[in-house]
Amino acid sequence: MMVGLFKNEVKKLYSHWRSFMGYILFLVLIPIIMWAYGKGADGIPSAFPENYSDLFLFTGKLNNGLTAAYFVLNFFWVHIPFLIALVGGDIFAGEEAQGTYRIYLTRAVPRWKIFVSKVLASFFYTFTIVVLFIIMTLGLGLIWHGSGDMVVFHEGMLILPQSEALYRFFLAYIFAFSNMLLVNIIALFFSTMVKNSIGPMVGTMAVIIFFLALTSLPLDVFDSIRPYLFTHYFDNWKIMFYDPIPWGKVVQSMLVISGHSIILLFAAFYIFNRKDIVS
Amino acid sequence: MNALQTYNLSKQFAHLQALDNINLAVPKGSIFGFLGPNGSGKSTLIKILTGLIAPTNGTFSVFEKQSSEGYKVRENMSALVDRADFYKNLSAYDNLMLMARLSNHDSAQNIDEILNLVGLYQRRHDKVKTFSQGMKQRLGIGQALLPDPKLLILDEPTTGLDPLGMVEVRDFILKIAKERNVTIFLSSHLLHEVEEICSHVGLIFNGKMENQGSIETIFSSIDQVTIDLEIDKKPETVKILSTLEGIESIQELPNLLKIKIKYAEIPTLIQKLVKDDIKIFGISQRNRLETFFLNRSRDQS
Amino acid sequence: MRRLLLLFLIISFSFAQDDNKAITILQGINANYSAIQDFTTEIKVDINLPGFRMPNKDVKYFYKAPDKSKIESKGFAFVPKDGILPFAELVKRDSLKNLTITEIIGDTVVITLVDTFQNQEAIMTLKVHEPSATIIQGSASINNQNILTFHIHYISIHGIYLPDESAIDLLLPPDFKKIQMLGTSPSQAKKFKEKIKDNKEWVDGKIHLKFSNYIVNQGLSDEIFEEAVETVD
């Protein structure tokens with residue numbers, strides 16, 4: 001039964017054109033960025049003053065596919081949430097707006113199964129978006145610009161050897177994926193509360209922007225609350241590229257993100273399960 | 001055994017008591033007409049039975065499966081609630097496939113059979129957003145039949161249909177009730193429709209059950225009826241009628257007489273007029289159920 | 001009068017002897033370098049610059065006289081030129097500005113001169129081990145600010161002295177500290193900026209090179225250097 005319900009939700013999800021926006025965006029925009037990166041990046045990070053290039057002999061290039069993928073991830077991680085919210089916000093609210101709850105919820109199927117199938121379908125979408133992103137950045141980057149050591153920024157410049165880069169990317173993508181799942185859950189949560197899809201999308205982005213502002217503004221007054229804001233850990237995928245990887249911070253981040261996710265998921269289920277469908 | 005039984009079912013919305021201790025019994029195999037004015041609680045009751053709304057108090061059972069068993073109470077039941085709305089970017093076939101998966105009736109054969117039954121097989125691959133409201137209603141009835149239910153709840157099934165469509169749906173309801181042995185719980189505003197096809201009727205006013213029973217029982221409680229009489233000699237007819245018993249009022253209209261008369265006295269009236277050489281061009285009786293309904297509405301207000 | 005003239009002549013001769021000694025020493029170093037037609041070596045590079053981190057690298061170094069050099073490594077790497085054949089161009093020149101022997105300690109001679117370094121006039125100090133004609137320590141100062149210091153330990157390979165181990169101290173301008181702000185959050189960057197605002201100290205960086213597996217004068221082909229040609233300073 002769950003497989004059938006999941007198939008249903010995936011079918012419904014992909015019957016909307018908006019579900020393909022993210023894929024189209026990545027398929028068109030990322031290759032352009034990758035191509036432009038290849039044209040514009042210098043061989044040596046520009047942080048080095050020019051004079052010092054007289055003192056040294058260099059070999060290898062830092063502007064390779066790995067650095068390009070890092071660069072694009074750095075840029076895109078703020079934008080991907082919008083694509084997630086676009087779809088996640090419609091999962092519940094869209095049904096209520098269309099009136100299809102009146103045929104879908106009147107069957108002999110417990111609401112928790114329908115809730116789980118919707119959540120899984122939404123997670124599946126998030127997963128495919130992230131996978132496509134990985135293919136278009138890392139995959140295309142490696143094909144186009146080759147491999148090599150990569151330069152990342154952590155309290156200065158850090159050169160990471162090629163042998164470590166791939167597994168660090170793997171960890172970073174897992175981390176980024178968990179962040180995107182949280183964005184998805186926030187959109188789902190709002191979606192259970194309202195009857196149109198626009199509200200959850202806008203609400204999710206508003207929440208993210210608001211908390212990102214509290215996280216990023218260089219004002220000491222917010223220092224005490226930052227560790228409790230999920231956006232404080234939003235770009236913590238970068239710590240997978242630190243040397244050494246601060247595993248304590250990783251665990252802390254995952255706990256906070258998971259905590260937020262679980263609480264919001266249960267809240268969404270509570271709302272959906274007890275909801276009266278009156279119209 | 002009753003197909004559907006409610007026990008003191010109540011629903012409170014904020015400041016509105018939408019349903020107040022509803023005790024309803026729908027006999028197995030019947031076509032039960034559920035009547036009530038707008039805002040009387042018909043849709044609220046149907047939404048409780050179909051799991052869209054939770055009751056504030058009370059329980060119900062469907063073929064002896066209790067509402068306390070949660071979703072399992074709906075195992076023998078299917079419904080079309082309000083207007084038929086579907087996933088408009090999907091085809092008719094895909095919509096039915098979605099619904100079929102909810103009840104493990106997702107074979108292509110089953111779906112084709114339903115599409116044929118509701119006359120939409122030729123349009124099965126067209127997106128529902130291209131359908132007229134009538135087609136959507138038919139598809140709605142189709143999705144309700146997919147799980148092969150024993151109790152079928154239809155909330156205003158002829159909404160949006162043209163007169164031909166309405167007749168088709170009525171015939172369809174009768175057919176499936178007979179051929180598939182399905183108990184039908186039908187909520188409708190169209191009293192003549194209910195009188196035509198229903199074996200049992202229940203009336204709800206202001207969230208309370210007013211009356212329920214077989215159609216004969218209901219009709220037998222209807223003492224007086226109104227008939228329209230089309231005759232040639234109006235003044236003579238009025239004179240004759242004034243001598244008869246059981247006539248409460250006579251209203252003269254340009255081409256006919258509207259007579260309020262005891263139901264049992266109608267044959268006597270006809271015999272008398274024929275005997276007195278009055279030519280009767282036409283005699284029609286206002287829908288008895290309508291009469292009953294209007295009388296009850298008046299009593300309530 | 002004659003005594004004064006004699007004293008003048010003795011002092012002048014002494015100075016002339018010093019200049020000549022310095023030139024001779026530099027010529028000795030040049031002779032050591034000139035004996036090298038080509039060589040390859042493997043270098044373990046350990047770089048320690050504030051705000052810049054790189055894992056230890058294994059680099060292969062190629063040199064062919066008079067001025068071709070190249071490195072190869074898995075991934076990105078760099079090595080300081082002065083840590084390998086220090087002042088190789090300088091010691092070839094006939095005339096050098098302000099060339100003086102400032103100190104003699106046993107068989108070690110300290111020579112100073114003025115030359116161009118990083119396009120600026122710099123005071124170069126060379127500590128030379130006379131018997132081996134090798135520069136065991138060197139530094140460059142610009143406007144009284146030490147820019148570069150290196151210590152080199154040599155080994156002899158077929159009579160040619162080549163570095164075994166080099167330790168290079170780089171002094172980078174105060175602005176170089178800003179590189180440490182890369183990758184920090186805006187609040188952290190703000191705090192860091194406040195911290196370094198009045199700090200005008202130059203930044204100390206260290207590079208350590210360990211040489212091994214020398215192959216000297218085996219006839220390297222020019223093709224090796226065709227992809228990237230670098231000059232040895």
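In chain A, a run of residues in helix H7(A), comprising Val119(A), Ser122(A), Phe123(A), Thr126(A), Val130(A), Ile134(A) and Leu138(A), packs against Phe169(A), Tyr173(A), Ala176(A), Phe177(A), Met180(A), Leu181(A), Asn184(A) and Leu188(A) of helix H8(A). The structure is a predicted model.

Two packed helices are described by the angle between their axes and the distance between the axes. Here, H7 spans residues 111-145 of chain A and H8 spans residues 162-193 of chain A. Their axes come within 10 Å and cross at roughly 145°. As for handedness, the crossing of H7(A) and H8(A) is right-handed.

Attention now turns to the way the chains are arranged. Two pairs of chains are in contact, and the pair sharing the most contacts is that of chains A and C. Chains B and C, by contrast, do not touch, and 46 Å separates their nearest C-alpha atoms.

The contact between chains A and B draws 22 residues from chain A and 28 residues from chain B. On the chain A side, at least two residues each are supplied by helix H1 (2-13) and helix H6 (101-104) of chain A. Of these helices, H1(A) gives the largest share of that side, with six residues.

Within chain B, the chain is divided into domain 1, covering 2-213, and domain 2, covering 222-300. The C-alpha centres of these two domains of chain B lie 38 Å apart. Where the domains meet, ten residues of domain 1 of chain B are in contact with eight residues of domain 2 of chain B. On the domain 1 side, the elements giving two or more residues are helix H6 (191-197) and strand E10 (200-205) of chain B. The largest share of this side comes from H6(B), which contributes four residues. By class, the domain 1 side that touches domain 2 of chain B holds six nonpolar, two polar and two charged residues.

Technical notes: Residues numbered from 1 in each chain as written. Chains lettered and ligands numbered in written order. Predicted model: local features only at pLDDT ≥ 70, side-chain atom pairs only at ≥ 80, totals over all residues. Contact = placed C-beta atoms within 7 Å. Domains from an automatic or database assignment. Nonpolar A, V, L, I, M, F, W, Y, C, P; charged D, E, K, R; others polar. Axes fitted to C-alpha atoms, helices over the stretch in contact; angles between N-to-C directions. Left-handed = near helix turned anticlockwise from the far one by under 90°.
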